[in-house]
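Hi everyone, thanks for coming. Please have a look at the sequence and the structure before I start talking.

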Amino acid sequence: MNQRSLLLYHSAIKSEKTQRQYDYQLKCFKEYSAIKSFDKLVEIEPKKLQTMIEDYVMYARDQGQGLSSIRAKLVALKLFFVMNDVLLNWDKLRKMIPEKTKSTGERPYTTQEIEILVKSSKTLRYRALMQFMASSGVRVGCFEELKMKHLKDMPNGCKSVLVYADTKDEYYTFIHQEAVEALDEYLEFRTRKGETITPDSWVFCSPCDTTKPSSTESTTTTLSRHVKRSLGREESKHGRYEIMTCHGFRKRFITILKSNPSVNISLAEKLAGHSVTIPLDNSYFKPLLEQLFDEYQKVIPKLFIDDKYRLQSQIQSQQDEIDLLQDKNTEIENLQKTILQIQNNMLELQKRHNS
């Protein structure tokens with residue numbers, strides 16, 4: 001039976017993913033403190049408990065953990081103890097968090113780096129996954145909720161992607177033809193292995209169990225090993241990389257999107273799943289899927305990884321321009337014929353009038 005302290009704690013958490021993250025932080029503190037159960041934690045005298053958490057924070061600092069890591073620990077611990085009516089000095093604990101240092105992992109992947117990663121990957125799953133992230137800008141955590149029914153066909157071989165469906169964070173983005181083809185190869189592989197793909201199938205399932213989605217932790221860990229092996233990157237002195245393993249794809253997507261002067265900034269924010277900074281846009285600006293796709297199409301050539309697709313796009317664009325010019329020439333010829341016909345009719349009327 002679940003311990004009461006945990007039941008109260010879990011009642012305040014709305015997301016299964018958040019619960020897993022918070023539970024991990026709480027378990028780490030319990031093990032650090034050598035306490036047998038969570039219920040025993042809330043029975044400790046508050047002054048002693050305050051000292052234990054302060055020591056835990058100082059230990060984490062000594063281990064070189066930074067602001068975000070220690071903050072995550074305190075957020076989980078605070079929720080647990082608040083829900084169990086344990087009063088502690090959280091202001092004091094927050095002041096013990098180290099200051100933010102110069103950010104690492106700020107650089108996005110280049111197109112050439114992603115091409116190396118895709119071509120050097122031995123599995124269709126990870127090729128498709130990297131193409132998906134590079135073309136859509138989604139966060140790696142979305143794959144724990146993404147099902148086939150959240151993908152819909154769009155023009156020019158693209159697909160729309162409904163991210164975080166049925167939540168307050170729901171938004172649309174897209175994947176282009178190159179990513180769609182990589183995804184189709186991966187899905188065909190799963191079908192050959194005996195899986196029946198339905199609207200409720202996971203877009204990226206666990207390699208060990210097709211009934212479960214690809215977990216954020218395993219995906220990040222595997223990709224991290226692949227990136228290190230393929231790009232030969234080394235850790236910085238803070239244990240971080242110049243490019244974040246998964247978020248580097250998203251940074252490239254957003255950089256390309258916002259670097260295009262013809263892209264509407266509000267629509268760009270929507271495509272990235274950001275809270276729009278323009279007042280009232282979050283509540284009142286609800287663009288149609290077609291509007292979002294029009295903006296997305298403006299950056300597709302820059303998002304392509306393989307030059308083959310980029311060249312195909314350029315050829316198609318040039319052909320569209322030729323077709324447009326031909327249509328205009330045909331329209332001009334028709335107008336000239338119409339004008340000539342009107343002039344002839346006027347001459348005929350004039351002759352009749354004079355006679």
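Predicted model: local features only at pLDDT ≥ 70, side-chain atom pairs only at ≥ 80, totals over all residues.

Residues are numbered from 1 along each chain as its sequence is written, and side-chain values use heavy atoms, with hydrogens and water left out.

Let's begin with the cores. By a nonpolar core I mean a set of buried Ala, Val, Leu, Ile, Met, Phe, Trp, Tyr and Cys residues joined through side-chain atoms within 4.5 Å. Buried is under 20% relative accessible area, exposed is over 50%, and partly exposed is in between, using a 1.4 Å probe and protein chains only. The largest core holds 39 residues, and Phe132, Met133, Phe143, Leu183 and Phe204 have the most contacts inside it. Which elements supply at least two residues each? They are helices H7 (111-120), H8, H9 (177-192) and H10 (216-231), together with strands E2 (159-163) and E3. Helices (H or I, at least four residues) and strands (E, at least two) are DSSP runs, numbered from the N terminus. H8 gives the largest share of this core, with seven residues.

Contact here means heavy atoms within 4.5 Å. There is also a second, separate core of 29 residues, with Leu26, Leu41, Leu49 and Phe80 among them.

Now please turn to helix H14, residues 289-297, where Leu292, Phe293, Glu295 and Tyr296 are buried. Why do these buried residues line one face of the helix? Seen down the axis of H14, they fall within an arc of 160 degrees, so they share one face; the arc is that of the directions from the helix axis to the C-beta atoms. They pack against helices H8 (124-136), H11 (247-259), H12 (265-272) and H15 (300-303), and against strand E3 (171-175).

Strand E3 brings us to threonine 173. Is threonine 173 buried or exposed? Its relative accessibility is 0%, so threonine 173 counts as buried. Its side chain reaches the backbone oxygen of serine 136 at 3.0 Å. Among the residues that threonine 173 touches, beyond four places away in sequence, are Val138, Val161, Phe253 and Leu271.

Last, the charged pairs. A salt bridge is a side-chain nitrogen of Lys or Arg within 4 Å of a carboxyl oxygen of Asp or Glu, and the count by this rule is 13.

Glutamate 295 is buried at 8% relative accessible area, whereas lysine 298 is partly exposed at 35%.

Aspartate 91 and arginine 94 also form a salt bridge, and their closest N and O atoms are 2.1 Å apart. Being three residues apart in helix H6 (residues 90-95), aspartate 91 and arginine 94 are separated by about one helical turn. Aspartate 91 is partly exposed at 47%, and arginine 94 is partly exposed at 42%.

Glutamate 43 meets lysine 40 at 3.9 Å, N to O; glutamate 43 is exposed at 55%, and lysine 40 is partly exposed at 47%. Finally, salt bridges link Glu16, Arg20 and Glu144 in a network.

Key
Polar contact = N/O pair within 3.5 Å; in protein donor to acceptor, adjacent residues only side chain to side chain.
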